[in-house]
Amino acid sequence: MTEQTKLSPGDVAPAFTLPDSEGTEVSLADFRGKSVVVYFYPAASTPGCTKQACDFRDNLAELNDAGFAVLGISPDKPAKLAKFVAEEGLTFPLLSDPDRAVLTAYGAYGEKQMYGKTVTGVIRSTFIVDAEGKIATALYNVRATGHVAKLRKDLKI
């Protein structure tokens, strides 16, 4: 397998347009002029991903008040995302990337360690994209639990 591309602060955030849980197209360009938290997670309705999504939901008002929109991206199809949104009362867009093109562009798909084995899959990652569309923060291999609290601390929110 080739070396995965990892993004760094100052890089231009890869552009994307993906369907949300309702099938509506959402583009990163829609958020130009605002800061965006773009986070990648392996699968809707799994324990870690549910915890992380609910943490973002529970902290969304503070993030929004500080000028940050939140987008979650996984390889799940829109129908699965719609069920996840409904079950957990999620209040921010979850986007579907079934061909993993955006995951790959952000370096959030590739080889990772899981239970001591090397596997290929989604690498839980979070990016802060600034108002100009550049990567301000790139975090790879983040933990689902406590991640939003750490992000808020780092962002001084």
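The paragraphs below go from the nonpolar cores to the aromatic pairs and then to the pockets.

The model is predicted, so that local features need pLDDT of at least 70 and side-chain atom pairs count only at pLDDT 80 or more, whereas totals for chains, interfaces and linings use all residues. Residues are numbered from 1 along each chain as its sequence is written, and side-chain values use heavy atoms, with hydrogens and water left out.

A nonpolar core is here a set of buried Ala, Val, Leu, Ile, Met, Phe, Trp, Tyr and Cys residues joined through side-chain atoms within 4.5 Å, where buried means under 20% relative accessible area, exposed over 50% and partly exposed in between, for a 1.4 Å probe and protein chains only. The largest such core has 23 residues, of which Phe16, Leu28, Val36, Phe40, Ile73 and Tyr106 touch the most other members. Among the elements that give two or more residues to this core are strand E3 (35–40), strand E4 (68–74) and helix H3 (101–105); helices (H or I, at least four residues) and strands (E, at least two) are DSSP runs numbered from the N terminus. A second, separate core of 20 residues includes Val37, Phe68, Phe92 and Leu151.

The structure holds ten aromatic pairs, a pair being rings of Phe, Tyr and Trp (its six-membered ring) with centres within 6.5 Å, and planes under 30 degrees apart counting as stacked, over 60 as edge-to-face and the rest as tilted. The rings of Tyr39 and Phe56 are stacked, because their centres lie 4.4 Å apart and their planes are at 25 degrees; this pair links strand E3 to helix H1 (residues 47–65) across 17 residues. Tyr39 is buried, at a relative accessible area of 0%, and Phe56 also counts as buried at 0%. Elsewhere, ring pairs link Phe16, Phe40, Tyr106, Phe127 and Tyr140 into a cluster.

As for open space, a pocket is an open set of points on a 1 Å grid over the protein atoms alone, where a 1.4 Å probe fits, with protein on both sides within 12 Å along at least five of seven lines, and its lining residues have an atom within 4 Å of a point. The largest pocket holds about 310 Å³, and of its 13 lining residues Lys112, Gln113, Met114, Val122 and Arg124 are the closest to its centre. Strand E7 (117–122) is one of the strands that supply at least two residues of this lining, and E7 gives the most, with four.

Methods: Points joined across faces, edges and corners; volume = space filled by probe spheres on them.
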